[in-house]
Amino acid sequence: MSFGAMKPRVAQGDETTREANQVDAPSSHARSEPRTRVKICGVTSVADADAAAAAGADYLGLIFAPSSVRSVTLDDARQIVAAVARRCQTVAVFQDAPLEWMQTVVAAIGCDLIQLHGDEPLEVAAALPCPVIRAVTVTPETRPADVLPWTRLENVAHLLFDRPKRRPVLDWELCLQPLWEAAQTTAAGRQAFIAGGLSAENVAAVVQRWQPYGVDVASGVESAPGKKDARRMQAFCRSVRSPER
Ligand SMILES: O=C(O)c1ccccc1N[C@@H]1O[C@H](COP(=O)(O)O)[C@@H](O)[C@H]1O
């Protein structure tokens with residue numbers, strides 16, 4: 001299918017109007033409340049999902065990228081969503097997947113949001129049937145002009161700033177700063193997550209420095225690739241919330 005002829009649905013009105021119209025998830029809190037949301041990504045079993053919810057996760061990510069060690073089947077995902085639906089927001093994470101497949105997954109598992117973690121065009125996000133988390137891989141070349149168009153789409157609810165997985169960035173904080181500042185002028189940017197190499201050991205400093213809407217972790221709370229560790233998830237959630245006490 002070609003997306004060339006499709007027109008992105010762009011939000012009408014100013015940011016205030018857009019924020020008022022934004023679909024907010026049932027367990028989300030208003031931005032004025034200080035509690036930092038935790039997204040635990042790459043959950044692969046009901047047992048790990050239960051442990052993540054018990055540890056205090058607000059969002060759980062289910063990865064549908066076939067190359068990931070954390071990828072789940074449709075059946076795994078359906079069971080995980082059913083098990084935690086009342087406790088956490090569930091997010092299906094895709095990397096350059098066909099639009100039809102993403103639509104099929106949402107309909108089959110009943111997740112709350114989709115995370116786009118590849119080079120998907122704006123038109124794909126605009127055509128998705130649920131709110132979107134747009135991942136932005138921060139490199140020295142990333143400019144606000146690359147990010148801001150995403151925040152103008154009606155169904156992009158959150159940005160997620162991530163570190164490049166393969167290419168080290170010498171000063172990630174320096175690269176993030178101009179993007180973060182530009183994002184704060186938009187609703188999706190004020191509801192941004194920070195991700196990338198986070199763990200119980202470093203997340204409190206990130207929360208204090210950026211005061212993000214949420215933080216997102218995958219490998220930093222595992223005992224082995226694809227296997228979550230209950231104690232690490234508990235320690236992570238404690239560290240996130242420790243500066244808030
Ligand atoms: O973790 C994966 O395997 C993965 C695969 C495909 C797309 C996204 C993936 N993970 C995302 O990466 C960030 C941070 O991960 P980490 O904490 O540095 O391991 C997180 O947003 C995951 O959603």
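**Close-up 1. Phe193 and Tyr213 form an edge-to-face pair, and both are buried**. This is a predicted model, in which local features need pLDDT of at least 70, side-chain atom pairs count only at pLDDT 80 or more, and totals for chains, interfaces and linings use all residues. Residues are numbered from 1 along each chain as its sequence is written, and side-chain values use heavy atoms, with hydrogens and water left out. Buried means under 20% relative accessible area, exposed over 50%, and partly exposed in between (1.4 Å probe, protein chains only). The ring centres of Phe193 and Tyr213 are 5.5 Å apart and the planes stand at 85°, so the pair is edge-to-face. Rings of Phe, Tyr and Trp (its six-membered ring) pair if their centres lie within 6.5 Å; planes under 30 degrees apart are stacked, over 60 edge-to-face, and the rest tilted. Phe193 sits in strand S7 (residues 193-195) and Tyr213 in the loop between helix H9 (203-210) and S8, so the pair ties together parts 20 residues apart in sequence. Helices (H or I, at least four residues) and strands (E, at least two) are DSSP runs, numbered from the N terminus.

**Close-up 2. Phe64 meets Trp101 edge-to-face**. The structure holds six aromatic pairs. In this one, the ring centres lie 6.4 Å apart and the planes are at 75°, so it is edge-to-face. Phe64 belongs to the loop between S2 and H3, and Trp101 to helix H4, so the pair ties together parts 37 residues apart in sequence. Phe64 counts as buried, at 7% relative accessibility. Trp101 is partly exposed, at 33%.

**Close-up 3. Helix H4 has a buried face**. H4 spans residues 99-109, where Leu99, Met102, Val105, Val106 and Ile109 are buried. Seen down the axis of H4, these residues fall within an arc of 125°, so they line one face of the helix. The arc is that of the directions from the helix axis to the C-beta atoms. Which elements cover the buried residues of H4? They include strand S2 (59-63), helix H3 (74-84), S3, strand S4 (113-116) and helix H5 (122-126). Just after H4, Gly110 takes a positive phi of about 70°.

Close-up 4. Val147, Leu148, Trp150 and Thr151 are buried in H6.

**Close-up 5. The largest pocket holds about 1,000 Å³ of space**. A pocket is an open set of points on a 1 Å grid over the protein atoms alone, where a 1.4 Å probe fits, with protein on both sides within 12 Å along at least five of seven lines; lining residues have an atom within 4 Å of a point. Grid points are joined across faces, edges and corners, and the volume is the space filled by probe spheres set on the points. Of the 39 lining residues, Gln95, His117, Thr137, Asp162 and Lys165 are the closest to the centre. Strand S3 (89-94), strand S5 (132-137), helix H6 (144-151), strand S6 (156-162) and strand S8 (214-217) each supply at least two lining residues. S5 gives the most, with four. By class, the lining has 15 nonpolar, twelve polar and twelve charged residues. Ala, Val, Leu, Ile, Met, Phe, Trp, Tyr, Cys and Pro count as nonpolar, Asp, Glu, Lys and Arg as charged, and the others, Gly among them, as polar.

**Close-up 6. Asp96 and Gln211 have positive phi values**. Most residues other than glycine have a negative phi. Asp96 has a phi near 55°. Asp96 is found in the loop between S3 and H4, and is partly exposed, with a relative accessible area of 45%. Gln211 has a phi of about 45°. Gln211 lies in the loop between H9 and S8, and counts as exposed, at 58% relative accessibility.

**Close-up 7. Ala224 and Ile194 lie 22 Å apart in space, C-alpha to C-alpha**. In sequence, Ala224 and Ile194 are 30 residues apart. Ala224 is in strand S9 (residues 222-224). Ala224 counts as partly exposed, at 36% relative accessibility.

Note on methods
Contact means heavy atoms within 4.5 Å.
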